[in-house]
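This briefing is intended to be read alongside the sequence and the coordinates.

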Amino acid sequence: MNLYYEDLFRTETDQDQIDTLLRKGWIECPPEPSYDPQTQAPPYWDTINHAWIVKYLTPEQIAELRNSEYPPVTPRQMRIWLQRQNITSADVELQITNMISNPEAREEAMIEWEYSVAIYRDNPLTVALANAFGYTQASLDAQWADITKI
């Protein structure tokens with residue numbers, strides 16, 4: 001049983017000890033709730049309302065979390081990984097040409113592909129190219145750790 005008193009928690013199993021603490025003003029609190037670490041902060045005990053609070057992360061916090069989970073890679077790492085997947089730079093450039101019909105946007109995407117100093121997992125171009133080459137979000141997530149080790 002989880003007990004709470006003035007910002008202190010104790011987990012007790014002995015019923016006599018539990019009864020003693022409850023008589024002294026400790027209150028019983030429910031077990032810590034589950035939460036989704038991808039979208040929610042860890043739960044915390046609200047000492048005023050005597051309830052667990054689970055807050056949703058802001059979009060900025062989620063992006064920061066994902067960047068720490070999927071750190072940026074260098075163009076060298078990405079190109080070596082692509083080569084190992086039998087995808088050449090020419091294949092990438094062809095995909096960019098086929099995906100983007102607006103000439104200015106296409107040129108910007110080519111500049112980003114050719115001259116970026118870091119490639120981010122959640123960058124729209126990275127996501128679009130991954131989809132174009134048949135990688136789902138989940139499969140790209142799974143491969144990202146391998147890319148960072150190159």
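The chain, shown here as a predicted model, contains seven helices and five strands. Read from the N terminus, the order of these elements is β-β-α-β-β-β-α-α-α-α-α-α. Of the 150 residues in the chain, 28% are buried. Where contacts join residues at least 6 apart in sequence, 45% of them link residues at least 24 apart.

- Helix H6 spans residues 124-132, and its buried residues are Leu 125, Thr 126, Val 127, Leu 129 and Ala 130.
- The cover over these buried residues includes helix H4 (89-99), helix H5 (103-115) and helix H7 (137-148).
- At the start of H6, the backbone nitrogen of Leu 125 has a side-chain oxygen of Asn 123 within 2.7 Å.
- Just after H6, Gly 134 adopts a positive phi of about 90°.

**Packing of H4 against H5**

- Two packed helices are described by the angle between their axes and the distance between the axes.
- For H4 and H5, the packing angle is about 155° and the axes are 9 Å apart.
- Angles over 145 degrees count as roughly antiparallel, and H4 and H5 are therefore roughly antiparallel to each other.
- The crossing of H4 past H5 is right-handed.
- H4 contributes Ser 89, Val 92, Glu 93, Ile 96 and Thr 97 to this contact, while H5 contributes Arg 106, Ala 109, Met 110, Trp 113 and Glu 114.
- By residue class, the contact of H4 with H5 comprises five nonpolar, two polar and three charged residues.

**Packing of H4 against H6**

- The axes of H4 and H6 cross at roughly 100° and come within 10 Å.
- On the H4 side the contact involves Val 92, Gln 95, Ile 96 and Met 99, and on the H6 side Leu 125, Ala 128, Leu 129 and Ala 132.
- The contact of H4 with H6 divides into seven nonpolar residues, one polar residue and no charged residues.
- Val 92 and Ile 96 of H4 are listed in the contact with H5 and also in the contact with H6.
- Leu 125 and Leu 129 of H6 take part in the contact with H4, and both belong to the buried residues of H6.

**Ser 89 in helix H4**

- Ser 89 is found in helix H4, and its relative accessibility of 32% classes this residue as partly exposed.
- Leaving out residues up to four places away in sequence, Ser 89 touches Arg 79 and Trp 113.
- Ser 89 and Glu 114 are 25 residues apart in sequence, with a C-alpha to C-alpha separation of 9.3 Å.

**Loop residue Asn 86**

- Asn 86 is located in the loop between helix H3 (75-84) and H4.
- The phi of Asn 86 is positive, at about 65°, although this residue is not a glycine.
- Asn 86 counts as exposed, with a relative accessibility of 68%.

**Loop residue Gln 40**

- Gln 40 occupies the loop between strand S3 (27-29) and strand S4 (44-46).
- The relative accessibility of Gln 40 is 13%, which is under the 20% limit, so Gln 40 counts as buried.
- A polar contact of 3.3 Å joins the side chain of Gln 40 to the side chain of Tyr 56.
- Neighbours within four places in sequence aside, Gln 40 contacts Tyr 35, Val 54, Lys 55, Tyr 56 and Leu 57.

**Loop residue Thr 74**

- Thr 74 sits in the loop between helix H2 (59-69) and H3.
- With a relative accessible area of 34%, Thr 74 is partly exposed.
- Thr 74 and Ala 118 are 44 residues apart along the chain, and their C-alpha atoms are separated by 4.8 Å.
- When residues up to four places away in sequence are not counted, Thr 74 touches Val 117 and Ile 119.

How values were computed
Residues are numbered from 1 along each chain as its sequence is written. This is a predicted model: local features need pLDDT of at least 70, side-chain atom pairs count only at pLDDT 80 or more; totals for chains, interfaces and linings use all residues. Side-chain values use heavy atoms; hydrogens and water are left out. Buried means under 20% relative accessible area, exposed over 50%, partly exposed in between (1.4 Å probe, protein chains only). Helices (H or I, at least four residues) and strands (E, at least two) are DSSP runs, numbered from the N terminus. Contact means heavy atoms within 4.5 Å. A polar contact is a pair of N or O atoms within 3.5 Å; within protein, one must be able to donate a hydrogen and the other to accept it, and residues adjacent in sequence count only if both atoms are side-chain atoms. Axes are lines fitted to C-alpha atoms, for helices over the stretch in contact, and angles run from 0 to 180 degrees between N-to-C directions. Angles under 35 degrees count as roughly parallel, over 145 as roughly antiparallel, 65 to 115 as roughly perpendicular and the rest as oblique. A crossing is left-handed if the near helix is turned anticlockwise from the far one by less than a right angle, and right-handed if clockwise. Ala, Val, Leu, Ile, Met, Phe, Trp, Tyr, Cys and Pro count as nonpolar, Asp, Glu, Lys and Arg as charged, and the others, Gly among them, as polar.
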